[in-house]
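Grab a pencil and work through these exercises with the model open beside you. Try each task before you read its solution.

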Amino acid sequence: MEIAVIGNSEFILGFRLAGIRKTYAAENDEKLTEHVTSVLADNDVGILVLNSSDMDRIPRKLRVTLENSVKPTVIALG
């Protein structure tokens, strides 16, 4: 299982430096939704890390899916 991180470039930088390979820069709402959808479809991802402010920008239906997701487990930081 891998860890995926989605957020702005400053948020994901530390995770990249720590060796997390699946980091996705999402500077706008469209990219954020696109990356979240692709990570949910990726069977290799066991943990998804997001900035808590980005959770508020995700469309409601997708946010409910994330909140109820067991795999990947979603962690909102910040």
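**Exercise 1. Work out how many helices and strands the chain has, and in what order they come.**

Step 1: Count the elements. The chain has four helices and four strands, where helices (H or I, at least four residues) and strands (E, at least two) are DSSP runs numbered from the N terminus.

Step 2: Read along the sequence. The order comes out as β-α-β-α-β-α-α-β.

Step 3: Keep the ground rules in mind. This is a predicted model, in which local features need pLDDT of at least 70 and side-chain atom pairs count only at pLDDT 80 or more, while totals for chains, interfaces and linings use all residues. Residues are numbered from 1 along each chain as its sequence is written, and side-chain values use heavy atoms, with hydrogens and water left out.

**Exercise 2. Check how the radius of gyration of the chain fits a compact globule.**

Step 1: For 78 residues, a compact globule would come out near 12 Å; the rule is 2.2 Å times the number of residues to the power 0.38, with the radius taken over C-alpha atoms.

Step 2: Compare. The chain has 11 Å, which agrees.

Step 3: The C-alpha trace spans about 30 × 25 × 20 Å along its principal axes.

Step 4: Take contacts (heavy atoms within 4.5 Å) between residues at least 6 apart in sequence: 58% of them join residues at least 24 apart.

**Exercise 3. Describe the surface and the charges of the chain.**

Step 1: Count charges. There are 9 positive and 11 negative side chains, with Lys and Arg taken as positive, Asp and Glu as negative, and His and the chain ends not counted.

Step 2: Locate them. The centres of the two sets lie 4 Å apart, each charge being placed at NZ of Lys, CZ of Arg, CG of Asp or CD of Glu.

**Exercise 4. Find the largest nonpolar core and say which elements give two or more residues to it.**

Step 1: Look at burial. Of the 78 residues, 36% are buried, meaning under 20% relative accessible area, with exposed over 50% and partly exposed in between (1.4 Å probe, protein chains only).

Step 2: Join them up. A nonpolar core is a set of buried Ala, Val, Leu, Ile, Met, Phe, Trp, Tyr and Cys residues joined through side-chain atoms within 4.5 Å. The largest has 13 residues, and those with the most contacts inside it include Ile-6, Leu-48 and Leu-50. Strand 1 (2-7), helix 2 (29-41), strand 3 (45-51) and helix 4 (60-67) each give two or more residues to this core.

Step 3: Zoom in on Val-36, in helix 2. Val-36 counts as buried because its relative accessibility is 0%. Beyond four places in sequence, Val-36 touches Ile-6, Leu-50, Ile-58, Leu-62 and Leu-66. Val-36 and Leu-66 are 30 residues apart in sequence, with their C-alpha atoms 8.9 Å apart.

**Exercise 5. Say what the peptide bond from Lys-71 to Pro-72 is, and where Pro-72 sits.**

Step 1: Look at omega. The value is near 0°, and the bond is cis.

Step 2: Pro-72 is in the loop between helix 4 and strand 4 (73-77).

Conventions: Accessible areas come from the Shrake-Rupley method with a 1.4 Å probe; for residues, only the protein chains shown count as cover.
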